[in-house]
Amino acid sequence: MFNKKLKKAVLSATALTALSAGAAAAQEACSNYTVQDGDTLATIAIAAYGTSNYQPIFNANRNAITNPGSLENGLVLALPCEDGSLPNGQSAQELIAAEEKRAASVKRSNVYAPPIKMVAGNGWEPFTTEDLSGGGIMTRLATTSLQRAGNSRDFSVSFVDDWSSHLDTLLPLGAFDISIAWTVPDCTNRSYEWSAETEARCTQFVASVPVYDIVGGFFTLPESEYAKATDFSDLEGSTICRMAGWSMVVLEEQGLNRENTTVVQPNSARDCLDAVLTGTADVAAFEVDLFASTMKDMGLTSADIVENPYVSTLSSMSFLAHRTNPFAREYIAMMNKGLIEMRESGEWYAIISDTLREQNEKLNAASN
């Protein structure tokens with residue numbers, strides 16, 4: 001999780017442009033596409049949307065894609081429409097409205113229970129920010145979960161932009177019940193030496209079910225030897241740039257640590273790409289959607305920096321409560337029930353796509 005403010009928002013599925021020259025006609029937004037030999041999520045995204053940001057396609061097909069770096073021939077993918085809805089499906093706004101109407105009929109308990117106090121932070125657009133409706137994707141998912149699956153619990157949401165204080169101080173002292181949202185490691189995996197960060201998240205907190213899976217990429221100069229890496233072990237000995245405040249667990253889980261790599265940690269994604277361009281770092285490692293927007297902001301193309309097509313990471317984000325909170329497990333169980341229902345109804349994806357649509361409209365308005 002970041003403890004800083006990102007200056008540029010994540011490029012969304014709704015940031016549609018004309019198809020690139022020579023793109024296969026079948027690879028169009030708002031259609032289903034059958035994966036062919038040689039396809040990657042990035043090439044499909046470029047053909048359908050004019051951007052290599054494939055996180056929106058991954059979001060829409062999360063149940064079908066187990067490894068974003070390897071697609072099976074014949075796999076049918078739904079390519080989201082301009083409004084974020086899926087082909088031949090109900091629009092995100094219609095689905096959300098229907099679920100809100102249904103939830104409004106739920107009878108509230110007369111038993112008094114204090115509001116669940118949740119804390120988020122600004123600067124992680126479009127996931128948590130006061131500049132978007134409902135506080136962004138993660139905040140909307142958190143608050144909605146408390147009104148679904150029979151839940152009718154009141155809540156409050158505050159924004160504290162010092163992210164590190166959430167887990168270090170605010171939750172342990174009981175100032176808040178839930179923090180939105182954090183990378184959670186696989187706490188059953190002891191095949192590598194845990195860092196203090198991993199140890200704390202696995203032993204001191206209660207985590208919700210995964211809320212959102214973020215694809216992380218590895219970006220290099222086109223001519224770099226690391227551009228051809230086919231396994232994480234091929235990145236050993238490299239200098240990796242990952243921004244300050246970002247969890248290192250996704251690298252640790254792949255066997256990349258400070259003993260076999262050199263890690264540099266500037267403040268922004270732009271600084272990491274600058275480090276690759278100037279040779280200060282061999283590889284930049286962060287989210288693919290943030291990469292796409294930063295490349296656009298810097299005026300760079302694939303002639304300058306490329307994504308390695310063979311190695312990528314999946315980072316599961318969850319809501320966290322501190323184990324010392326006597327209601328931690330109760331609150332997380334409530335959110336889990338709501339999240340599961342939202343997945344089944346389609347509201348989970350609708351909230352994500354609707355927020356991305358809003359974010360894209362703001363980006364377009366700012367650039368005009």
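What is the handedness of the link of Cys-187 and Cys-202, given the angle about the S-S bond? In this predicted model, the link of Cys-187 and Cys-202 is left-handed, with -90 degrees about the S-S bond. Cys-187 lies in the loop between strand S5 (178-183) and helix H6 (196-203), and Cys-202 within helix H6, so the bond ties together parts that are 15 residues apart in sequence. The sulfur atoms of Cys-187 and Cys-202 are separated by 2.0 Å. Cys-187 is partly exposed, at a relative accessible area of 32%, whereas Cys-202 is buried, at 12%.

The structure contains 3 disulfides. When the bonded cysteines are numbered in sequence order, the pairing reads 1-2, 3-4, 5-6.

Cys-30 is joined to Cys-81 with a sulfur-sulfur distance of 2.1 Å. The torsion about this S-S bond is about 65 degrees, and the disulfide of Cys-30 and Cys-81 is therefore right-handed. Because Cys-30 is placed in the segment before strand S1 (31-34) and Cys-81 in the loop between strand S2 (76-79) and helix H3 (92-104), the pair connects parts that are 51 residues apart in sequence. Cys-30 is partly exposed, with a relative accessible area of 41%, while Cys-81 is buried, with a value of 6%.

A further disulfide is formed by Cys-241 and Cys-272, whose sulfur atoms are 2.1 Å apart. The link of Cys-241 and Cys-272 is left-handed, with -85 degrees about the S-S bond. Cys-241 belongs to strand S8 (residues 239-241) and Cys-272 to helix H8 (residues 269-278), so this pair ties together parts that are 31 residues apart in sequence. Both Cys-241 and Cys-272 are buried.

Terms used
Residues numbered from 1 in each chain as written. Predicted model: local features only at pLDDT ≥ 70, side-chain atom pairs only at ≥ 80, totals over all residues. Heavy atoms only, no water. Disulfide = S-S within 2.5 Å. Helix = DSSP H or I, 4+ residues; strand = E, 2+ residues; numbered from the N terminus. Buried < 20%, exposed > 50% of the residue type's maximum accessible area, 1.4 Å probe, protein only.
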